[in-house]
Amino acid sequence: MFGLVGRAVESLYYVCVGLWTVAKHTGRAPITKEFPDTMPDLPGAFRGRLALAVNPETSEHLCISCRQCERVCPDKCIDITAHKSPETGKLELIDFKIDHGLCMFCGLCTEVCPTTCIINTNDFEMSDYSREALIYDLKKLTLTQDESAHYFSKKYLPIPKPKPKPAPKPAAAAAKPADGVAAPAKPAPPAAKPAEGAAAAKSAPAATDKPAGDAAATKPTAEKKADDSKDSEKEKAAPEPSAAEGKAEPDKTEG
Amino acid sequence: MNPAVFEIGKFARLTVIWLSIIFGAVWAACWAVGVFAPALINASGMPTETASLASEVLRALVPVVAVAVFIPINAMFMVLCERRALALFTVRKGPNRVGPDGLLQTAADAVKLLFKEDITPHGADAVMFTAAPIIFFAPSIIGVLPLLAAASGNHELFRSVNLPTGIFYVLAIASIPVVGIVMGGWASNNKYSLVGALRSAAQAISYEIPLVLSIVAVCLMAGTLDVVKIADQQKDSLLSWNIFGGGALLPYVNLVVAGLQGNNEQVQAIMQHFQAQPLGPFAAVLMVVCCIIFFGIYITGACAEVNRIPFDLPEAESELVSGYNTEYSGIKFAIFFLAEFTNLFVVCSIASIMFLGGGHAPLPGLEQGFTEMLGGILKQLPGSKEIFSPGWLINSLVNPSTVSQAFWIILKTYSLVIFAILIRATLPRFRIDQLMAFGWKRLIPLSLILLIALTYLRELV
């Protein structure tokens with residue numbers, strides 16, 4: 001009998017403790033995120049819509065048409081169209097299509113990309129009225145310079161080096177950004193490295209923090225070379241970017 | 001400012017706005033039917049006999065109009081209030097999209113439900129399927145009527161619904177809805193519905209006994225079944241409420257007060273009274289304890305009676321899809337929903353009338369002071385004798401005593417509703433065997449023992 005009363009009192013006590021605990025929660029700020037009004041604060045590693053970044057400083061397209069992402073994609077949702085430029089003999093990106101209806105946001109493409117061009121953005125609002133509308137083309141995929149800068153800083157990605165331009169062709173610059181970085185496939189002749197390039201390479205290890213200065217260092221050389229080899233001397237132009245790239249690679253691993 | 005305070009403020013604003021809408025509408029409807037229309041008829045120059053007959057009929061209709069206006073709006077408010085309060089307890093925001101700050105959410109839901117397709121499942125018994133929600137809903141309208149008399153302070157318009165056996169009638173009516181549930185569950189031709197309905201029947205029968213025994217205890221102390229009289233007996237102060245023994249402690253408090261005031265004659269008189277009853281103080285304390293436990297039993301039984309968490313086994317979502325109303329849709333489902341919340345309101349208002357002093361203020365003098373103040377203001381109004389002048393309109397619209405009583409009973413009843421929501425936010429659901437064991441092996445013996453104890457204690461105090 002007394003055991004029963006004791007148990008009754010004890011259980012009543014615990015019910016009251018529970019009620020009080022719940023009542024205390026009234027004093028807490030609601031954790032609700034009112035999504036359409038306030039966007040969720042997503043971490044940089046969030047795997048949202050895929051996009052192609054441009055260099056946050058020079059706004060040149062980072063894709064080099066190496067097709068690594070296309071090869072690694074489990075869903076085969078990436079479709080790259082590129083051709084070898086008859087002028088420079090390098091791969092030139094014509095179109096880049098990602099079918100987000102197929103994509104499963106595994107992020108493998110972003111891992112294999114050698115230039116950190118393809119990235120997962122924080123955008124997840126892709127709903128549309130047709131499946132075809134989910135196939136994004138190059139224009140839709142490419143981020144602006146500001147967006148790229150935002151994601152590079154948010155994901156803690158090293159700022160890529162600007163590619164030296166072989167010729168002052170501003171119209172073609174965006175269309176064939178592959179120039180410089182496609183070069184490492186060929187064996188770079190180290191003997192062709194000019195003096196200016198060496199000077200740039202010297203300053204390179206410390207240059208990740210100040211790529212602007214780096215760009216300033218490399219630009220004159222590129223322009224000079226371009227002047228030298230207008231049309232015909234393609235071989236001469238190639239080693240020059242390759243030298244720049246050759247120093248960019250160890251640079252990345254060090255940084 | 002702390003966002004939590006902001007949320008509580010929003011909840012309070014919502015409650016105040018909705019309560020003003022509900023009771024403003026009820027008040028206006030009652031006034032229009034019971035006061036304004038008869039006055040209009042009398043002033044219209046009809047033959048006297050016809051006019052008086054017509055106004056009598058209109059006055060008799062007032063309680064029905066009040067309930068008919070009150071129940072749908074109140075159910076809308078209670079659903080919204082429950083969702084917002086649950087959101088507060090679970091650190092969320094709750095519905096806040098429809099209308100200003102979600103105020104119209106349940107109104108929109110009601111409209112949606114009314115326009116939905118009304119489906120009768122294949123193999124269902126169509127007649128009983130249709131009758132079930134009506135049988136479930138009708139008792140909550142009929143049963144609430146005697147409470148109106150107590151809630152309005154026995155206002156002359158509601159005097160007709162005050163029955164000498166009021167609470168007995170309410171309890172008798174309150175046990176009808178389970179028939180509707182079983183009918184609905186059986187007629188749905190669905191095993192989940194049937195199991196839910198049978199559980200509901202078992203639960204209602206088990207928990208009705210302690211519920212009724214706790215009400216019987218109150219009636220025993222009050223010596224009447226009339227809700228108006230029970231409420232009036234508790235009018236003095238907090239200490240004369242039935243939850244605190246119905247005035248058992250009052251003489252002792254008076255003694256202490258008289259002692260502090262140094263009123264020796266009164267102290268002597270009270271002491272003489274105590275010498276006749278030497279066990280009095282002891283019995284009084286025991287009686288208060290009994291009454292508080294009875295109040296707990298009543299709340300438990302009421303939660304089970306209206307199928308609320310932790311006793312919501314008839315509609316346990318995880319076991320039975322939605323219980324007895326699985327197959328219902330559209331307006332029939334809306335009626336089930338309406339009835340459920342109205343039942344919750346009814347049990348809470350019974351609790352506040354039977355245990356918490358009805359429409360009377362917790363402190364002595366508060367009610368009277370308010371009534372006199374409001375009455376004084378109303379008397380100042382010009383032209384209160386001339387018919388259809390602004391003074392007459394306000395004077396006939398506002399009855400000071402009824403305003404005060406309505407305010408307190410609204411406060412008490414909705415506090416209990418919020419407490420029921422707090423219980424819902426806290427406790428998990430019982431298992432069916434635990435439910436039965438708790439009802440039959442714990443609550444019923446406890447309430448029987450307490451009832452017998454109360455019978456004797458009453459004589460000793």
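**Figure 1. A salt bridge between the chains, from A:Asp37 to B:Arg97.** A:Asp37 and B:Arg97 form a salt bridge in which the closest N and O atoms are 3.0 Å apart, the term standing for a side-chain nitrogen of Lys or Arg within 4 Å of a carboxyl oxygen of Asp or Glu. This pair crosses between chains, with A:Asp37 in the loop between helix H1 (2-24) and E1 of chain A and B:Arg97 in the loop between H2 and helix H3 (105-115) of chain B; helices (H or I, at least four residues) and strands (E, at least two) are DSSP runs, numbered from the N terminus. A:Asp37 is exposed, with a relative accessible area of 53%, where buried means under 20% relative accessible area, exposed over 50% and partly exposed in between (1.4 Å probe, protein chains only). The structure is a predicted model, in which local features need pLDDT of at least 70 and side-chain atom pairs count only at pLDDT 80 or more, whereas totals for chains, interfaces and linings use all residues. Residues are numbered from 1 along each chain as its sequence is written, chains are lettered from A and ligands numbered from 1 in the order in which they are written, and side-chain values use heavy atoms, with hydrogens and water left out.

Figure 2. Over all chains, a search of the whole structure finds 16 salt bridges. One of them joins B:Glu82 to B:Arg308, at 3.1 Å from N to O. The pair links distant parts of the chain, since B:Glu82 belongs to helix H2 of chain B and B:Arg308 to the loop between H12 and H13, 226 residues apart. Both B:Glu82 and B:Arg308 are buried. Elsewhere, salt bridges that share partners join B:Glu7, B:Lys10, B:Arg13, B:Arg84 and B:Asp101 into one network. B:Glu7 and B:Lys10 are separated by about one helical turn, because they stand three residues apart in helix H1 of chain B, and both are buried.

Figure 3. The centres of domain 1 and domain 2 of chain B, taken over C-alpha atoms, are separated by 20 Å, and 32 residues of domain 1 are in contact with 36 residues of domain 2, contact meaning heavy atoms within 4.5 Å. Leaving aside neighbours within four places in sequence, B:Tyr414 is in contact with residues including B:Leu19, B:Phe70, B:Phe77 and B:Phe345.

Figure 4. The peptide bond from B:Ile309 to B:Pro310 is cis, with omega near 5°. B:Pro310 is placed in the loop between helix H12 (280-305) and helix H13 (330-354) of chain B. Most residues other than glycine have a negative phi, and most peptide bonds are trans.

**Figure 5. Positive phi angles at A:Ser65 and A:Lys76.** A:Ser65 has a positive phi of about 55° although it is not a glycine, and its place is in the loop between strand E1 (50-52) and helix H2 (68-72) of chain A. A:Lys76, likewise a residue other than glycine, has a positive phi near 55° and is found in the loop between H2 and strand E2 (78-84) of chain A. A:Ser65 is buried, with a relative accessible area of 1%, whereas A:Lys76 is exposed, with a relative accessible area of 56%.

**Figure 6. Surroundings of B:Ala149.** B:Ala149 is found in helix H5 (residues 145-151) of chain B and is buried, with a relative accessible area of 0%. Apart from neighbours within four places in sequence, B:Ala149 is in contact with B:Asn154, B:Phe158, B:Val161, B:Asn162 and B:Val228.

How values were computed: Domain bounds come from an automatic or database domain assignment.
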